[in-house]
Amino acid sequence: MELFFNLLVTGLVVGSIYALLALGFTLIYKSTGVVNFAHGELLLLGAYVCLHLTVSYKIPFIPSFILTFIFMFLFGFIIERVFLRRMIGEPIIAIIMLTIGLSSLLKSVVQVFWGTDTRVFPKVFPSEPVNLFGIKISLVYIYSVISVAVSLIVFSVFFKKSKAGVAMRAVASDQQAALSMGIEIKKVFALAWAIAAVVSAVGGVFVGNINGVNTNLSQFGLKVFPAVILGGLDSITGAIIGGVIIGILENFVGGYVDPLIGGGAKEVFPFIFMIIVLMIKPYGLFGTEEVEKV
């Protein structure tokens, strides 16, 4: 039972980070119709920026975290303005290929500036684990879950209550109708990319604190796909639930199946699960089913 609960706790931590990343992914898709293949590289860049501020400039972790937010928010705006805005009206496959190229560009820039060696954050959280119901849990796990939960709540309130959030929901629902109501769609697109960059950075910083920072962090962007497909490509609620489910299932497979077959199942399972979901329920648990009348 101890193994079960340890895997459950770790799965919740990883799943909460997947949920946050899936939120950013879904936000871009709902607002712009673009599948962003550079999502993992935004996570990677955010982790390295925070690490660089903390280690090289000796800035305490919390201020570095806030500065990383600001940097990634502006960086998201720049990406949309420089790269994506020029592609408005172009075929969707061209935009997807652009995001793939952007992912390679960002990873190359990170490697030029910081190399490929694994780097670690200075000691941010106390190393003494917390005993919770007889299970020893590292504080970085607890803070990760709390921070991600707070982020998800803040963004949920933002989407429902703020003027900008309502505008984003309107654009996601019907771009033509939103345009006729005077909503500036280009600004909504830019805001979607900025928020996606911020949530990616949050996930990158906490994953970096747990596993260290190297270019392999960008693989978290690929692992978000099964979570998004499970929840529904255009569903924010589905992205959150799908992320948590994938995180938990992935860790259970790693804990129970990998020892039996010698490893590897944990890495492959999310994508096998994604294929099964696509075969049974192509639009995911909460996705909108599109019906075309001929």
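Q: What share of the 294 residues in the chain do buried residues make up?
A: They make up 47%. Buried means under 20% relative accessible area, exposed over 50%, and partly exposed in between, with a 1.4 Å probe and protein chains only.

Q: What kind of model is this?
A: This is a predicted model: local features need pLDDT of at least 70, side-chain atom pairs count only at pLDDT 80 or more, and totals for chains, interfaces and linings use all residues. Residues are numbered from 1 along each chain as its sequence is written, and side-chain values use heavy atoms, with hydrogens and water left out.

Q: How many helices and strands are in the chain?
A: There are 12 helices and two strands. Both are DSSP runs, numbered from the N terminus: helices are H or I with at least four residues, strands are E with at least two. From the N terminus the order is α-α-α-α-β-β-α-α-α-α-α-α-α-α.

Q: How compact is the chain?
A: The chain is as compact as a globular protein of its length, because its radius of gyration is 19 Å, close to the 19 Å that the globule rule gives for 294 residues. The radius is taken over C-alpha atoms, and the rule is 2.2 Å times the number of residues to the power 0.38.

Q: What does the C-alpha trace span along its principal axes?
A: About 55 × 50 × 35 Å.

Q: Now the largest nonpolar core. Which residues touch the most other members?
A: M168 and L217 do, in a core of 78 residues. Helix 8, residues 185–211, gives the most to this core, with 15 residues. A nonpolar core is a set of buried Ala, Val, Leu, Ile, Met, Phe, Trp, Tyr and Cys residues joined through side-chain atoms within 4.5 Å.

Q: What is M168 in contact with, leaving aside neighbours within four places in sequence?
A: L27, S31, F158, F159, V188, L191, A192 and I195. Contact means heavy atoms within 4.5 Å.

Q: Which residues of helix 5 are buried?
A: L139, V140, S144, V148, S151, L152, F155 and F159. They pack against helix 1, strand 1, strand 2, helix 6, helix 8 and helix 10.

Q: What should helix 5 span?
A: Its 23 residues, 139–161, should span 33 Å at 1.5 Å a residue. The end C-alpha atoms are 32 Å apart, which agrees. The expected span is 1.5 Å times one less than the number of residues.

Q: Next, S16. Where is S16 found?
A: In helix 1.

Q: Is S16 buried or exposed?
A: S16 is buried, because its relative accessible area is 9%. Leaving aside neighbours within four places in sequence, S16 is in contact with V145, V148 and V244. A polar atom of its side chain lies 2.6 Å from the backbone oxygen of V13.

Q: And S103, where does that lie?
A: In helix 4, residues 92–114. S103 counts as buried because its relative accessibility is 11%.

Q: Which backbone oxygen lies 2.5 Å from a polar atom of the S103 side chain?
A: That of I100. Beyond neighbours within four places in sequence, S103 is in contact with F37, A38 and E41.

Q: Last one, K58. Where does K58 lie?
A: In the loop between helix 2 (39–55) and helix 3 (61–84). K58 is exposed, because its relative accessible area is 66%.

Q: What is phi of K58 near?
A: Near 60°, a positive value in a residue other than glycine. Most residues other than glycine have a negative phi.

Note on methods. A polar contact is a pair of N or O atoms within 3.5 Å; within protein, one must be able to donate a hydrogen and the other to accept it, and residues adjacent in sequence count only if both atoms are side-chain atoms.
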